[in-house]
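User: I would like to go through the terms used for this model and see what stands behind each of them. Please begin with the pocket.

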Amino acid sequence: MVQPYRHEPFTDFTVEENAKELEAALHQVEQELGQDYPLIIGGERIYTDDKITSINPNNKNEVIGTVSKANKELAEKAMKTADETFEWWRKSTPEMRADILFRAAAIVRRRKHEFNAWAIKESGKAWKEADGDVAEGIDFLEYYGRQMLEIAEGKEINSRPVENNRFSYIPLGVGLVISPWNLLFAIMCGTAVSPMVTGNTVLLKPASNSPVIAYKFMEVMEEAGMPSGVINYIPGSGSEVGDYLVEHPRTRFVSFTGSREVGVNIFEKAAKVQEGQKWLKRVVAEMGGKDTIVVDNEADLELASQAIVQSAFDFSGQKCSSGSRAVIHQDVYDEVLDRIVEITKGLDIGDTSKKNYYMGAVIDQGAYDKIMSYMDVGKKEGRLMIGGDGDDTNGYYINPTVFADLDPNSRMQQEEIFGPIVGITKAKDFNEAIDIANNTDYGLTGAVISNNRNHLEIAREDFHVGNLYFNRGCTAAIVGYHPFGGFDMSGTDSKAGGPDYLYNFLQGKTVSEML
Ligand SMILES: NC(=O)c1ccc[n+]([C@@H]2O[C@H](COP(=O)([O-])OP(=O)(O)OC[C@H]3O[C@@H](n4cnc5c(N)ncnc54)[C@H](O)[C@@H]3O)[C@@H](O)[C@H]2O)c1
Ligand SMILES: N[C@@H](CCC=O)C(=O)O
């Protein structure tokens with residue numbers, strides 16, 4: 001019997017011993033920077049001449065590692081390997097598969113500070129964010145392992161006296177997993193192990209900004225007993241390797257997490273039945289957000305201000321769940337706005353691999369340029385309250401920025417910026433605030449800060465998002481507690497870390513025998 005699931009506790013870095021342990025891990029990881037990592041196909045290490053260079057966003061001159069880059073031929077080799085491996089892996093026992101996840105969780109837990117350090121180095125995260133990321137990865141391993149054991153028990157169905165009916169779930173086949181760089185450990189790990197523990201084989205294409213931590217994850221899975229060929233590690237270009245495998249007739253499903261633009265493109269490509277393809281591909285696509293915090297006039301205004309700042313600026317606003325919009329009741333608008341600016345003034349920003357700053361740099365030059373281009377848009381559309389500037393001399397630093405008085409339909413309040421910018425809009429009453437909150441193409445997360453029970457119940461019904469939070473911020477879902485996924489253009493609402501998630505990678509089979 002496994003212990004009941006509970007989420008991995010977070011590390012308190014105000015405790016000196018914990019801070020010292022992370023500093024030591026950062027020092028250790030610094031000694032290991034700059035190494036060259038191969039692809040892993042069927043357990044075989046393959047080096048290519050073409051490389052992806054992963055760098056530290058906080059310090060562009062620091063190379064985290066170089067990683068071999070798959071091309072179409074290697075993608076084809078990986079597909080063949082995964083296809084062959086599926087033939088026996090699909091019959092492996094759920095217990096054996098779940099045990100691999102439990103062992104992997106134990107390994108990562110033992111090496112948590114080391115993984116935190118890799119996450120900080122490769123994504124520029126603050127300590128708390130890296131720790132949350134790695135804890136969430138451990139949670140996915142523990143939670144999906146238990147979910148698989150539960151599914152394996154089967155579901156009761158009826159049988160008439162003359163028959164013996166059985167209903168069970170079987171895996172789908174080879175799946176392509178495409179992960180983003182922002183929750184570089186958690187999402188990469190969770191999206192890779194969920195199809196694997198259900199008996200599928202996987203082609204893992206991590207984001208090009210974060211391939212090194214994904215390699216470290218592969219080493220953990222091997223140490224935990226994962227057989228060769230079950231998850232194959234194939235970093236590469238989205239447009240070359242990604243497109244090739246999305247369109248491949250042997251791809252049975254695609255699990256994508258990333259931007260709306262790429263997700264929609266994958267959804268369309270995967271829908272086309274290719275020559276020789278004998279199934280309809282399943283697509284899990286978890287995409288972007290334009291997430292709103294609504295502040296009522298009957299509300300704890302300090303809580304509201306803290307929630308807005310934290311949801312907007314944690315990890316520099318680079319979460320699909322980030323609260324990039326706040327819609328505030330006119331009665332309390334000025335007071336909350338002033339407090340948001342005051343709290344924002346106190347945030348520090350710097351190289352998180354050197355010190356426990358609140359915020360580090362944004363991920364790369366492309367992100368920096370895109371986010372900075374919105375500063376001009378914001379100045380035209382609204383009132384700059386604080387921030388608005390950045391510095392990309394050594395790393396990609398952008399100061400936390402607040403724009404007020406934005407029209408709900410402005411670009412600032414409609415487009416996913418994915419950076420440390422929050423836009424504020426005034427609402428005349430609570431109902432209008434909910435209408436504004438719903439007026440984007442997205443539907444991922446949202447929060448309501450209110451002490452009015454009727455208003456909370458209205459929001460429960462009418463605020464159309466996959467993850468709705470009351471009297472707290474709109475980020476930081478916990479596996480097994482807050483199943484995560486969005487509506488509308490935020491994706492397929494697959495609800496990662498929820499009790500139904502593994503069914504995305506299974507199909508139900510009924511066998512009826514006459515007696
Ligand atoms: N809903 C969620 O759960 C969730 C979670 C995290 C991030 N996100 C979203 O992800 C985005 C940020 O991540 P990103 O910048 O890594 O996104 P992205 O779409 O640029 O990249 C995501 C992944 O897709 C790959 N890719 C790019 N082009 C491809 C193609 N043509 N075919 C196949 N794969 C391709 C990338 O290499 C990467 O691995 C934001 O929009 C954010 O909201 C959503
Ligand atoms: N699940 C995470 C967000 C994932 C996207 O970046 C949260 O709830 O904050």
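**Pocket, cavities and sheet**

Analyst: The lining of the largest pocket consists of 18 nonpolar, 13 polar and 9 charged residues. Here Ala, Val, Leu, Ile, Met, Phe, Trp, Tyr, Cys and Pro count as nonpolar, Asp, Glu, Lys and Arg as charged, and the others, Gly among them, as polar. The model is predicted: local features need pLDDT of at least 70 and side-chain atom pairs pLDDT 80 or more, while totals for chains, interfaces and linings use all residues. Residues are numbered from 1 along each chain as its sequence is written, chains are lettered from A and ligands numbered from 1 in the order written, and side-chain values use heavy atoms, without hydrogens and water.

User: What makes a set of points a pocket and not a cavity?

Analyst: On a 1 Å grid over the protein atoms alone, a pocket is an open set with protein on both sides within 12 Å along at least five of seven lines, whereas in a cavity a 1.4 Å probe fits but cannot get out; lining residues have an atom within 4 Å of a point. The largest pocket has a volume of about 1,000 Å³, a volume being the space filled by probe spheres set on the points, which are joined across faces, edges and corners. Among its 40 lining residues, Trp181, Phe256, Gly258, Ser259 and Val262 are the closest to the centre.

User: How many cavities of 30 Å³ or more does the search find?

Analyst: The search of the whole structure finds 2. The largest holds about 80 Å³, and Gly317, Ser322, Ser324, Glu416 and Phe418 are nearest its centre among 13 lining residues. The second largest cavity has about 40 Å³; its lining includes Glu136, Phe140 and His482, and divides into 6 nonpolar, 2 polar and 1 charged.

User: Why are strand 1 and strand 4 said to stand at the edges?

Analyst: The open sheet has 3 strands in the order 1-5-4, with mixed pairing. Strand 1 (35–37) and strand 4 (51–56) each have a single partner strand, so one side of each lacks a neighbour in the sheet. Strands are DSSP runs of E, at least two residues, and helices runs of H or I, at least four, numbered from the N terminus.

User: What makes strand 1 and strand 5 a pair?

Analyst: Two strands pair if DSSP finds at least two bridges between them. Strand 1 and strand 5 (residues 59–68) are joined by 3 bridges and run parallel, so they meet the condition for a pair. Within this pair, Gln35 is opposite Gly65 of strand 5.
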